Amino acid sequence: MAGVANQNILLGVTGGIAAYKSVELARLLLKAGARVRVVMTEAATRFVSPLTFQAVTGSPVRCSLFDEEHEAAMGHIELARWADQMVIAPASADFMARMALGLANDLLTTLCLASASSIAIAPAMNQRMWQHPAVQHNLSLLEERGVRVLGPESGEQACGDTGPGRMLEPADMLAALDSASGAGLFAGKKVLITAGPTHEAIDPVRFIGNRSSGKMGYALARAFRRGGADVLLVSGPVSLPAPPGVNRVNVQTALQMHKAVFENIHSVDIFVGCAAVADYRPENPQQQKIKKLSDRMDISLVRNPDILAEVATLEEGPYTLGFAAETQNLVENARAKLLAKQVDMLAANSVADGMGFESDENTLLVIWPEGEKHLPVQDKQQLAESLLGVLADQYRRDE
Ligand code: CTP
């Protein structure tokens, strides 16, 4: 399906200062050709008047389940059926909790239960609230049920705090919703993603590793799954749960990762090399713990296979997306790596300024033989969705 144009979008607004941004979201959705109806919670009306949304959308705004006049015009079940997509923006901590519990104690929660349409939420709240285990638990429950989560962003908040919890900007939300309606973008496709670091044993208790958290690879796995793909994640040691619906194979070393990839690669349509694979491993890992018997110690290292390069040069192999972490000359090094590894697409980021490894945000320069696109700094999940949009365009062209 192409974008939000001609879709019936039910915009739910809950109580939070970010509600004022949803007026702009409503306007952008209409401009993009969607039909928009707004439902507000009681708390939302404390921040923005229903009249504001009514003026922007040209349709009556519903705030209560027990509104005889409105129920006579378009009853709540009818409204639930009308929606092709529901978007709750902002989604407050309270609303997420009620939704996670499956409550139906106001019009908007009732519609969430009564509608068969896809639901996206754009959380917005104070950063401490967002990071509270109760909110994160509700978030996981909603994600497991297939609710799409847009944002939040990190940054300065209305309350003066700085951190995660800011609602996505309306334009970014529109872009995300546009790609969400391409929910079947990768339907029927099999995707194999490597993620995380590898640990190369020195002895039974020590290893050579790196700072990769696996967040980007996991975000991509989640995004491909949402796009309808059958996703296999070959993951190095990380502390992240497998995204809902994603199959995961756990490995420790580059050789194990190589084996797991090549056992599965032949049925794969798209391969994403997102792991920070150790380029070298100790030549002779010791069976027993090494004792400190001398003043110095040398460890001899040997090269690991380059998994991405091997996949990219397979005859009739999958479409390949590689990553490159560079500390200097980003563009030249990325172009050189694209050619050297013969990948179809390369996503390069600079790790010179503390970005990339371990952080929640990142920026990417995506290149392919005939073009490039710069994806600005954003939350890794958002970045994964944007990267998938670029990949989908090129992949379809190559298919
Ligand atoms: N990669 C891989 N197997 C390896 C090393 C790297 O599959 N043994 C993949 C990574 O998953 C990533 C890409 O290759 O997609 C780029 O890795 P990077 O470390 O940036 O580049 P290198 O090829 O290792 O080159 P260099 O270290 O010289 O920059």
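Colleague: Where does Asn 6 sit?
Modeller: This is a predicted model, and in it Asn 6 belongs to the segment before β1 (8–13).

Colleague: What is the phi of Asn 6?
Modeller: Asn 6 has a positive phi of about 70°, although it is not a glycine. Most residues other than glycine have a negative phi.

Colleague: Turning to peptide bonds, which residue is joined to Pro 90 by a cis peptide bond?
Modeller: Ala 89 is joined to Pro 90 in that way, with omega at about -5°. Pro 90 lies in strand β3 (residues 85–91). A cis peptide bond also joins Gly 151 and Pro 152, where omega is about 0°.

Colleague: And where is Pro 152 found?
Modeller: Pro 152 is in the loop between β5 (148–149) and β6 (153–156).

Colleague: Let us move to the domains. What does the domain assignment of the chain give?
Modeller: The assignment gives domain 1 (8–180) and domain 2 (190–284 + 298–398). Their C-alpha centres lie 34 Å apart.

Colleague: How many residues of each domain are in contact?
Modeller: Ten residues of domain 1 are in contact with seven residues of domain 2.

Colleague: Now the helices. How do α5 and α8 cross?
Modeller: Helix α5 (residues 93–101) and helix α8 (residues 133–144) cross at roughly 50°, and their axes come within 9 Å. The two helices are therefore oblique to each other. Their crossing is left-handed.

Colleague: Which residues meet there?
Modeller: From α5, Ala 93, Met 96, Ala 97, Met 99 and Ala 100 meet Val 135, Asn 138, Leu 139, Leu 141 and Leu 142 of α8. By type, the residues of this contact are nine nonpolar, one polar and no charged.

Colleague: What about α10 and α14, at what angle do they pack?
Modeller: Helix α10 (residues 215–226) packs against helix α14 (residues 380–398) at an angle of about 55°, with the axes 8 Å apart. Because of that angle, α10 is oblique to α14. The crossing of α10 and α14 is right-handed.

Colleague: How do the residues of the contact of α10 with α14 divide?
Modeller: They divide into ten nonpolar, one polar and five charged. Among those contributed by α10 are Lys 215, Met 216 and Phe 224, while α14 provides residues including Lys 380, Glu 385 and Leu 391.

Colleague: Which strands does α14 lie across?
Modeller: Helix α14 lies across β13 (270–273), β16 (319–326), β17 (345–350), β18 (361–368) and β19, and it runs at about 160° to β19.

Colleague: In what order do the eight strands of the open sheet come?
Modeller: The order is β12-β11-β8-β13-β16-β17-β18-β19, and the pairing is mixed. The edge strands, each of which pairs on one side only, are β12 (247–250) and β19 (371–379). From one strand to the next, the twist averages 15°.

Colleague: Is the pairing of β11 and β12 parallel or antiparallel?
Modeller: Strand β11 (residues 230–235) pairs with β12 in the parallel sense over four bridges. Leu 233 stands opposite Arg 248 in β12.

Colleague: One last topic: what joins β9 to β10?
Modeller: A hairpin joins β9 to β10 through two residues. Strand β9 (residues 200–203) and strand β10 (residues 206–208) pair in the antiparallel sense over three bridges, and Glu 200 stands opposite Ile 208 in β10.

Technical notes: Residues are numbered from 1 along each chain as its sequence is written. This is a predicted model: local features need pLDDT of at least 70, side-chain atom pairs count only at pLDDT 80 or more; totals for chains, interfaces and linings use all residues. Side-chain values use heavy atoms; hydrogens and water are left out. Two strands pair if DSSP finds at least two bridges between them. Axes are lines fitted to C-alpha atoms, for helices over the stretch in contact, and angles run from 0 to 180 degrees between N-to-C directions. Angles under 35 degrees count as roughly parallel, over 145 as roughly antiparallel, 65 to 115 as roughly perpendicular and the rest as oblique. A crossing is left-handed if the near helix is turned anticlockwise from the far one by less than a right angle, and right-handed if clockwise. Contact means heavy atoms within 4.5 Å. Ala, Val, Leu, Ile, Met, Phe, Trp, Tyr, Cys and Pro count as nonpolar, Asp, Glu, Lys and Arg as charged, and the others, Gly among them, as polar. Domain bounds come from an automatic or database domain assignment.
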